[in-house]
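Here is a friendly walk through one structure, taken a few residues at a time. Please keep the sequence and the 3D view open as you read.

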Protein chains: 4
Amino acid sequence: MTAKIAEDKPLVVAGRELKSRLIIGTGKYQSYEQNARALEASGAEMITVALRRVNLSDPDKPRLVDFIDPEKYVFLPNTAGCFTGEDAVRTLRLAREAGGWNLVKLEVLSDPKHLYPEMEETLRAAKMLIADGFDVMVYCSDDPVYARKLEDAGCCAIMPLGAPIGSGLGIQNPVNIRLIVEQTSVPVIVDAGVGTASDAAVAMELGCDGVLMNTAIAEAKDPIRMATAMKHAVIAGREAYLAGRMTKKKYADPSSPLSGLI
Amino acid sequence: MTAKIAEDKPLVVAGRELKSRLIIGTGKYQSYEQNARALEASGAEMITVALRRVNLSDPDKPRLVDFIDPEKYVFLPNTAGCFTGEDAVRTLRLAREAGGWNLVKLEVLSDPKHLYPEMEETLRAAKMLIADGFDVMVYCSDDPVYARKLEDAGCCAIMPLGAPIGSGLGIQNPVNIRLIVEQTSVPVIVDAGVGTASDAAVAMELGCDGVLMNTAIAEAKDPIRMATAMKHAVIAGREAYLAGRMTKKKYADPSSPLSGLI
Amino acid sequence: MTAKIAEDKPLVVAGRELKSRLIIGTGKYQSYEQNARALEASGAEMITVALRRVNLSDPDKPRLVDFIDPEKYVFLPNTAGCFTGEDAVRTLRLAREAGGWNLVKLEVLSDPKHLYPEMEETLRAAKMLIADGFDVMVYCSDDPVYARKLEDAGCCAIMPLGAPIGSGLGIQNPVNIRLIVEQTSVPVIVDAGVGTASDAAVAMELGCDGVLMNTAIAEAKDPIRMATAMKHAVIAGREAYLAGRMTKKKYADPSSPLSGLI
Amino acid sequence: MTAKIAEDKPLVVAGRELKSRLIIGTGKYQSYEQNARALEASGAEMITVALRRVNLSDPDKPRLVDFIDPEKYVFLPNTAGCFTGEDAVRTLRLAREAGGWNLVKLEVLSDPKHLYPEMEETLRAAKMLIADGFDVMVYCSDDPVYARKLEDAGCCAIMPLGAPIGSGLGIQNPVNIRLIVEQTSVPVIVDAGVGTASDAAVAMELGCDGVLMNTAIAEAKDPIRMATAMKHAVIAGREAYLAGRMTKKKYADPSSPLSGLI
């Protein structure tokens, strides 16, 4: 007798296997050291880095790479702060020349009020980057129509937002996330909006392949503990999805059948 | 540098220490063997048993104790199927004489449609049992007024329902659960209503000390896998509660501050 | 051709017919005059009055009755501020002697933090009042078990709370309200918790016979306009309930069938 | 003393004043006669017509205009069933030649599964139509970025979806609707997704200028009564929005202050 269940398949993005389905960020931490400790606690193997903010190379200042080993973790350069396609493409080309990064996260933002992606520019930039040989994971709205265009263009992961970046409001539109999951062949990874552990579990229960988050961990009162929480939440949601939940019922249904009692 | 966080205190109910904050049931499984495997996967150390349904002693039929070792797990006899206080008290006295069980879960039900507790009878029965030396964990409505009466009467754990037994609807009234958590000194354990992993996480994020569930695991398509999911969900929700979640915001807040970009 | 529909039956409470299903209060208004104007705008025919706070008889101070005509509106004396059954019963007996009021709203409160009803005391007081010849509308928790006891005791209206008094959080537990509606023969009137128009509509869509509210109107920026909103919201929710809503669907269903297009 | 409040301004779309903020459709009714009766009950002054489905001109078949007078109601031709911009533009040009309609509702659909708008095509078609002199009300996703593009292109009303057409799921993403309302100068009208009265009230409470619905009325058990419900729901939500709702509170706040009781 054993409680063994078949192990979950790894998440595969552009040929890279990841055991953890959680991806974390590098913003808002008190220090690179705290960031590194949160990463360790989270169990994540991939970490996203804003090329326009994080110091990767200047040896006179603290460098992220002195705390988080690029040999041990997959660095995912992103284009946070880019508001045009050209901007994003230029930023990523420079990064590839400097660090050899080919797998990237594209985000082309619009209004700072909501930081939603500019979808026309995003699609245009994605095509340029793919033509240029990049593997593009793409931050996008939760519009299934655009999600399909991005997949058709060759993006290697679709990353719809759950709520505005940094808002912590949780998944606003489960219907759209579900529609995107149902239609998509590459990994779907909710990016932005998670506020606490149950939000991450909900994303995974909808069938997403992963979750990317930053503020929920970095702005928790205890970021390291929240990173631990998120590690478990993503596993919980994933396993619940694979297990197949019970049907909801309008009335009670006794655990202990009331007939045939001894 | 380390990702260590202070370990959570164990859940203590009537002097018994439990490392896992998840309690599971013994109803609706296909077999005692499946029940045992789910228990192992769940990591739970306490398991509740309907005295009126589960065979504990008749050696001519399959017995639960042949599959789940009462030396290894804490058996929590319950009064499922009892509709009066006297019924519940009589059932538990017989069980104590037979098996020595002193720590019990009291439930006095009302209408089969919702299986909500009959609170007047529940309080009356709780007082009888406590006077008789039992340690009483008590299934109750989510009314904070009655929760206080039960605590004042000496119950060792308050177990408000999240939704009708077996409904899988999730926590219907987080306001009430929060009010009960804020006012209660003994453990608060949500009992009934959880349907999937995120529901369990939500219960723990509200500050509950534990979650008891049966149908969510037993009626999942893959009960063993769902038991695993629940193990992680309870840890996730607990750690998120201890970590202190970020504040929700009405608008976006960039992970990578937009000013000062290089 | 006509758009006529059968007119809704009136709400009947203890033999009194009310065309409006909205009942409003007399607390927190800037003045009795504002209260009177809100009442007019709301279309309500019944108004509840806290006997312990509202001046009904002292001619040296502003009196509610100088602004709201007891001949024109049904005054519903309530026991707000009573924390024991005896207190509530004494208060209502005095009121009956002074003003002849026989139809009353009973509330026996507990903790000021949530102002939930003390259900044991409430039931006890209800029985005393009914034995004494009162028609008792009763503020209660949303526990269907207690709702049935109150109905069995002879209360003429069951008034479950939607959320804590004055919180404006809306109906927290639609499952319980629905269960109460399904089992109850006398009018069910949601009392407490409504914050805005849609909350009132939701209560009525669940099948309730009416809604009582105070803070949602009195603390709106423009109480008179909010009273108008609530008048329409209660009608909207009631008519929607009677009309029978469409079934929810998981996917789109075109208004204009896509086949057979010209 | 009077309960009068300043009357709400009319909804103005492309110079046309509408007293009712409700717009209804012409699909799924049992007959044109039933449609006409629902229209009358709803109080709507504008009705949208699928050019590809509704018979407007063939005198040998029942014609909508024999039941609903185009002199009395504003007909809003729409492009339901069009899946490309060209298709939509051609359809509307033919309609203008035939019936003189200049104010139109543009919808360019994508996948029948969700019937979401194809936003790139929608924007392209909107520009063609506006250049061609049409007044374009536009069905769109709830993406604020695209909503702004459509407004910048000169659309006279922005009509974000609340949920998939015909689903009756209610407003899925209130955050997005609010963001669109905050940024938009022309009327914002929720189009698609409303299932019952409270859904319409919620849309209006978010600050929308109007609501368009079809299935919620046509597929109610009693469409005429549901039309009445919706008339009141839209007024209720609008007035509540103008009135300014009370603040939500975490704890109770007595209607009748507990201090200073007599």
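Predicted model: local features only at pLDDT ≥ 70, side-chain atom pairs only at ≥ 80, totals over all residues.

Asn176(A) touches Asp142(A), Pro144(A) and Tyr116(D), once residues up to four places away in sequence are set aside. Asn176(A) sits in helix H5 of chain A, which covers residues 174–183. With a relative accessibility of 4%, Asn176(A) counts as buried because the cut-off for that label is under 20%.

## How chains A and D are related

Next, the pairing of two chains.

## The annotated binding site

An unreviewed UniProt entry lists Gly166(A), Ala192(A), Gly193(A), Asn214(A) and Thr215(A) under "binding site". These residues span 50 positions in sequence, yet no two of their C-alpha atoms are more than 9.3 Å apart, so they gather at one spot.

Gly193(A) is placed in the loop that runs between strand E9 (189–191) and helix H6 (197–205) of chain A. Is Gly193(A) buried or exposed? Gly193(A) is buried, its relative accessible area being 6%. Beyond residues up to four places away in sequence, the contacts of Gly193(A) are Gly162(A), Ala163(A), Pro164(A), Ser167(A), Gly168(A), Leu169(A) and Gly170(A).

Thr215(A), in turn, belongs to helix H7 (residues 215–218) of chain A. Thr215(A) is buried as well, at 5% relative accessibility. Apart from neighbours within four places in sequence, Thr215(A) contacts Lys28(A), Gly166(A) and Ala220(A) from chain A, together with Met246(B), Lys249(B), Asp253(B) and Ser255(B) from chain B. The side chains of Thr215(A) and Lys28(A) also make a polar contact, at 2.9 Å.

How many of the 11 residues of helix H1 in chain C are buried? The count is 8, and the helix, residues 32–42, is mostly covered. The buried residues of H1(C) are Tyr32(C), Gln34(C), Asn35(C), Ala36(C), Ala38(C), Leu39(C), Ala41(C) and Ser42(C). Their cover includes strand E3 (22–24), strand E4 (46–50), helix H7 (215–218) and helix H8 (223–243) of chain C. After H1(C) comes Gly43(C), with a positive phi near 75°.

Over in chain D, Ser42(D) is part of helix H1 (residues 32–42), and Ser42(D) is buried, with a relative accessible area of 1%. The side chain of Ser42(D) reaches the backbone oxygen of Leu39(D) at 2.7 Å. Setting aside neighbours within four places in sequence, Ser42(D) is in contact with Leu22(D), Ile24(D), Ala227(D) and Lys231(D). Ser42(D) and Met226(D) are 184 residues apart along the chain, and their C-alpha atoms are separated by 8.2 Å.

Conventions:
Residues numbered from 1 in each chain as written. Chains lettered and ligands numbered in written order. Heavy atoms only, no water. UniProt positions renumbered as here; feature names shortened; annotations may be inferred. Helix = DSSP H or I, 4+ residues; strand = E, 2+ residues; numbered from the N terminus. Buried < 20%, exposed > 50% of the residue type's maximum accessible area, 1.4 Å probe, protein only. Contact = heavy atoms within 4.5 Å. Polar contact = N/O pair within 3.5 Å; in protein donor to acceptor, adjacent residues only side chain to side chain.
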